[in-house]
Amino acid sequence: MIQPAAAQRIRHPLSAIFPSPKYDLPPEEVVFIEIHRPTGGPFNVIHIPTGQKADCYPSTALPFFRWAMDHRRRVRIQDCDFWGAPPEYVVLWKLEFYREGGGDKHLRDIRGILAVPGEDFDRGFVANAAPMLGLHETWQIAERYA
């Protein structure tokens, strides 16, 4: 059972950063459950006016999490600054999701990330990390798709 005080702690910061009706957040119970899984379950935050979606992966137990925190980037959307994962980390997760379930959506997302003008994307990092995660072949597919 979710403790109301714990759920309130989760809801307050997210709702303050991503207020309704501009943003769609999962119910606080879902976020609470996801962030307390041993490997951290993902959830999404959606900007309603544009349809833009942010994928959230809240786990310190995931491979390369420490690297991602050390390489996080400040992102500004409208008048709000927040820290986001580096695109290389997002690509590694998209590769994992593609491997798990297929579907071109993750490949399209990777292609979009790689196509961002002026983005300082370290392909060498992904090429070295992918085999450690069993994603070498998946990375090769994604590179051909991009």
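Helices, at least four residues long, and strands, at least two, are DSSP runs numbered from the N terminus. On this basis, phenylalanine 64 is found in the loop between β3 and α3, the latter covering residues 65-70. The model is predicted.

The description starts with the sheet. Three strands form an open sheet in the order β1-β2-β3, with antiparallel pairing. Its edge strands are β1 (23-24) and β3 (52-56), each of which pairs on one side only. The antiparallel pairing of β1 with β2 runs over 2 bridges. In this pairing, tyrosine 23 has histidine 47 of β2 as its bridge partner. Between β2 and β3, which also run antiparallel, there are 5 bridges. Here valine 45 stands opposite alanine 54 of β3. The hairpin of β2 and β3 has 4 residues between the strands. Within this hairpin, glycine 51 takes a positive phi near 80 degrees.

Histidine 47 deserves a separate account. This residue lies in strand β2, which spans residues 43-47. Its relative accessibility is 8%, so histidine 47 counts as buried, the cut-off being under 20%. The histidine 47 side chain makes a polar contact with the side chain of threonine 50, at 2.8 Å.

Buried would require a value under 20%. Leaving aside residues up to four places away in sequence, phenylalanine 64 touches Tyr89, Leu92, Phe125, Ala129, Met132 and Leu133.

Helix α4 covers residues 87-101 and helix α7 covers residues 136-145. They pack at an angle of about 105 degrees, and their axes are 10 Å apart. The two helices are therefore roughly perpendicular to each other, a class that runs from 65 to 115 degrees. On the α4 side, the contact involves Val91, Leu95, Tyr98 and Arg99. These residues meet Thr138, Trp139, Ile141 and Ala142 in α7. The residues of this contact divide into 6 nonpolar, 1 polar and 1 charged.

Technical notes: Residues are numbered from 1 along each chain as its sequence is written. This is a predicted model: local features need pLDDT of at least 70, side-chain atom pairs count only at pLDDT 80 or more; totals for chains, interfaces and linings use all residues. Side-chain values use heavy atoms; hydrogens and water are left out. Buried means under 20% relative accessible area, exposed over 50%, partly exposed in between (1.4 Å probe, protein chains only). A polar contact is a pair of N or O atoms within 3.5 Å; within protein, one must be able to donate a hydrogen and the other to accept it, and residues adjacent in sequence count only if both atoms are side-chain atoms. Two strands pair if DSSP finds at least two bridges between them. Axes are lines fitted to C-alpha atoms, for helices over the stretch in contact, and angles run from 0 to 180 degrees between N-to-C directions. Angles under 35 degrees count as roughly parallel, over 145 as roughly antiparallel, 65 to 115 as roughly perpendicular and the rest as oblique. Contact means heavy atoms within 4.5 Å. Ala, Val, Leu, Ile, Met, Phe, Trp, Tyr, Cys and Pro count as nonpolar, Asp, Glu, Lys and Arg as charged, and the others, Gly among them, as polar.
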